Amino acid sequence: MTQEIRRAPFCWQALLWLAVAVGLILPHASAQLAGTGTIQGTVSDQSGAVIPNAQVTLTDQSTGVKHQTDTSGGGVFSFPNLVVGTYNLSVNASGFKMYTRSGIVLEVGSNIGINVSMTVGSASQEVRVQANGLALQTQDTSFKQTIDQREMNELPLNGRQMTDLIQLAGGATYAPGNDMTGSKNFFSSKSISIAGGQGNQTDYRLDGADNNDYMTNVNLPFPFPDAVNQFSVESTAMGAQSGLHPGGEVNVVTNSGTNQFHGDAFEFIRNNLVNATNFFSTKKDQLHQNQFGGTLGGPIRRDKLFFFAGYQRTIVHQVVSASTAFVPSNANLSGDFSATDSTPLYNPITGAVLVGNHIDPSTFSPVSLALEKFLPKTTDPAGKVFYAPPG
């Protein structure tokens with residue numbers, strides 16, 4: 001069996017206008033509240049005395065974007081609303097060696113503290129620290145689990161709906177949807193309970209923005225997994241920023257462009273050529289499902305402006321569950337309706353009772369008889385047939 005896959009036409013004009021729109025919007029993106037992660041800490045000398053007015057620089061390894069600030073009078077620095085990724089930290093202070101720390105991994109929703117201890121010396125000297133693994137989140141008491149892109153891509157995910165991965169987090173399970181999902185909402189909407197909360201008390205965020213359906217309090221659609229960088233499931237003692245829904249929070253961050261071009265192409269196939277037939281099935285599964293697409297990201301202006309685009313299409317051919325219908329039986333075509341209907345039939349013109357529910361076949365419409373040959377045949381006395389239309 002062969003299957004034709006038609007790809008949607010590509011519109012270069014639309015892409016050009018999209019690039020123009022991105023160019024207009026992204027330079028102002030720093031003013032928006034992304035709410036993805038925070039790095040903060042204190043700068044002090046080896047005796048523990050705080051160092052005010054030290055220059056702290058945080059650099060994103062993948063994009064080269066720099067964030068700079070000075071420590072306060074109490075030696076404190078803070079970088080809120082950072083894009084998730086891996087960062088390098090450098091600190092300069094008069095009379096101290098330059099401090100650098102690389103490989104700081106910031107996950108979505110994390111609030112990590114990094115305390116810097118400066119060593120007396122020349123500014124031309126440097127103290128380097130290499131971070132190993134994730135930094136311990138010590139700035140709040142919330143419980144958070146993060147699922148990254150590697151897990152999303154390598155785990156089996158029938159249908160590739162990202163919401164199906166939320167259950168990977170401890171304490172998350174499907175709750176009765178009732179009228180919160182189904183025909184009233186999107187096909188990807190789920191009713192999920194986190195840490196014992198109600199199914200409509202979970203707060204959903206997409207790149208820091210509200211992604212809740214206000215009618216049912218479940219999620220709006222999320223991008224497909226290849227377009228998602230990571231997401232976290234958070235519960236217990238959440239901060240005030242998550243107080244809209246007390247049951248828990250699902251925080252999703254999409255992929256972004258970097259200083260290096262990157263992307264992928266994919267196709268996931270499910271059909272009866274590569275999938276085994278169910279043990280209890282009397283015939284092969286008629287489902288043919290193809291999900292294909294790709295992503296591409298890279299720099300528009302290095303260290304300044306980036307782009308990322310993704311596309312996924314799903315084609316499903318299948319036979320739906322069997323339905324029942326009634327067609328004229330052989331007896332009906334000869335005028336005998338005794339087995340079809342036990343109630344007395346009447347001549348619609350004269351009003352007389354039809355003896356034995358028999359009708360003169362010569363009165364049948366020639367047009368109806370011409371259409372009858374297109375109907376399925378059946379040996380059932382009442383003309384019952386079972387059919388399964390393709391979808």
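Here is a short tour of the structure you have open, stop by stop.

Before you click anything, know that this is a predicted model, in which local features need pLDDT of at least 70, side-chain atom pairs count only at pLDDT 80 or more, and totals for chains, interfaces and linings use all residues. Residues are numbered from 1 along each chain as its sequence is written, and side-chain values use heavy atoms, with hydrogens and water left out.

**Stop 1: aromatic pairs**

The structure has five aromatic pairs. Rings of Phe, Tyr and Trp (its six-membered ring) pair if their centres lie within 6.5 Å; planes under 30 degrees apart are stacked, over 60 edge-to-face, and the rest tilted. Select Y204 and F222: this pair is tilted, with 6.2 Å from centre to centre and 55 degrees between the planes. Y204 belongs to strand β13 (residues 202-206), while F222 is in the loop between β14 (209-210) and β15 (228-235), 18 residues apart. Strands here are DSSP runs (E, at least two residues), numbered from the N terminus.

Are these two buried or exposed? Buried means under 20% relative accessible area, exposed over 50%, and partly exposed in between (1.4 Å probe, protein chains only). Y204 is at 0%, so it counts as buried, and F222, at 12%, is buried too.

Now pick F224 and F266. Their ring centres are 5.9 Å apart and the planes are at 50 degrees, so this pair is tilted. F224 is in the loop between β14 and β15, F266 is in strand β17 (residues 262-270), and 42 residues separate them. Both are buried.

Keep F266 on screen and show R160, which lies over the face of F266 at 4.5 Å from the ring centre. The rule for a charge over a ring is NZ of Lys or CZ of Arg within 6 Å of the ring centre and within 35 degrees of the ring normal.

**Stop 2: Q291**

Go to Q291, in strand β18 (residues 288-301). Q291 is buried, with a relative accessible area of 5%. Leaving aside neighbours within four places in sequence, its contacts (heavy atoms within 4.5 Å) include R160, F266 and F268.

What does the side chain of Q291 reach at 3.2 Å? One answer is the backbone oxygen of G159. Show T314 as well: a polar contact of 3.2 Å joins its side chain to that of Q291. A polar contact is a pair of N or O atoms within 3.5 Å; within protein, one must be able to donate a hydrogen and the other to accept it, and residues adjacent in sequence count only if both atoms are side-chain atoms.

**Stop 3: the cores**

A nonpolar core is a set of buried Ala, Val, Leu, Ile, Met, Phe, Trp, Tyr and Cys residues joined through side-chain atoms within 4.5 Å. Of the 21 residues in the largest one, select I39, V43, L89, V91, V116 and M118, which touch the most other members. A second, separate core of 17 residues includes I194, Y204, F231 and V252.

**Stop 4: an open sheet**

Finish with the five strands of an open sheet, in the order β10-β15-β16-β13-β14, with mixed pairing. Two strands pair if DSSP finds at least two bridges between them. The edge strands, β10 (143-148) and β14, each pair on one side only. β10 and β15 run antiparallel and are joined by six bridges. Zoom in on K144 to see it opposite E234 in β15.

Conventions
Helices (H or I, at least four residues) and strands (E, at least two) are DSSP runs, numbered from the N terminus.
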